Amino acid sequence: MNQSAKNKALIVAVMGASGSGKSAYVKQEIRRSMPRRLMIFDPLKEYGEFGEVVTSLAATYAKAKASTFALVFQPILADQIIKAQFDGFCDIAYEAGNCTVICEELSLVTTPSKAPPAWSKITLTGRHKKMRVFGLSQRPASIDKNFFSNATKVRCGRLNYASDIKVLSNVLGVEPAKVQSLLPLDFIERDMATGKISAGKLIFR
């Protein structure tokens, strides 16, 4: 296998309103792949079953030095604190490398024009560190637009707002009506490398 194949990126943008199935999909992916090195940024405290819950960056840093780990970081939700903690979490994940990183509720920690430096580093160069990244948001119109540019796959579920529908129809390359018509657990996916678009409904296994 050549070096470029080894370093093939996996950056999945998972967008959808509450109840659209985005977190359920990512949880299925965790169970399917069973990563030996896993870090989850979990503001809404939904992933405790998948690893050791940690609430400090110091503990996260120490535990991420192990050969295997499953860490669920639950931040403080105050605006400036959560943004600083997210940047620290991403910095630790990047330094650890060779891990699966899941970041929930990106609209809490990024804006359309700005992303924390460590998150940008993960999405731009994480493939060289063998990182597999899932970024989730209920409000795609409110997150860092460069994330979509760096994604290898974009998955969209039901959205509530016209601005979000517009953003995702543009990213996916489909008519807004197709995004608007999505029902709970429906999805549209685009492979950003090939342009292939697929659609379906999440099945609970």
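Which residue stands opposite Asp-191 in strand 8? That one is Lys-153, and it makes a handy way into the fold. You're looking at a predicted model, where local features need pLDDT of at least 70, side-chain atom pairs count only at pLDDT 80 or more, and totals for chains, interfaces and linings use all residues. Residues are numbered from 1 along each chain as its sequence is written, and side-chain values use heavy atoms, leaving out hydrogens and water.

Let's start with the sheet. Nine strands make up an open, mixed sheet, in the order 3-4-2-5-6-1-7-8-9. Strands (E, at least two residues) and helices (H or I, at least four) are DSSP runs numbered from the N terminus, and two strands pair if DSSP finds at least two bridges between them. At the edges sit strand 3 (52-54) and strand 9 (197-201), each pairing on one side only. Neighbouring strands are turned by 15° against each other on average, direction ignored; angles run from 0 to 180 degrees between N-to-C directions, with axes fitted to C-alpha atoms, for helices over the stretch in contact.

Now zoom in on strand 7. Strand 1 runs parallel to strand 7, and four bridges join them; here Met-15 has Cys-156 as its bridge partner. With strand 8, strand 7 pairs in the antiparallel sense, again over four bridges.

Helix 7 (residues 162-172) touches strand 1, strand 7, strand 8 and strand 9, at about 140° to the direction of strand 7. Contact here means heavy atoms within 4.5 Å.

Two other helices pack on each other: the axes of helix 4 (residues 79-96) and helix 5 (residues 117-125) come within 7 Å and cross at roughly 35°. Among the residues making that contact are Phe-86 and Tyr-94 of helix 4, and Trp-119 and Ile-122 of helix 5.

A cavity is a set of points on a 1 Å grid over the protein atoms alone where a 1.4 Å probe fits but cannot get out, and lining residues have an atom within 4 Å of a point. Of its 13 lining residues, Ser-20, Gly-21, Lys-22, Arg-155 and Gly-157 lie nearest the centre. Strand 1, helix 2, strand 7 and strand 8 each supply at least two residues of the lining.

Key
1 Å grid on protein atoms, 1.4 Å probe; cavity = no way out; pocket = protein on both sides within 12 Å on 5 of 7 lines; lining within 4 Å.
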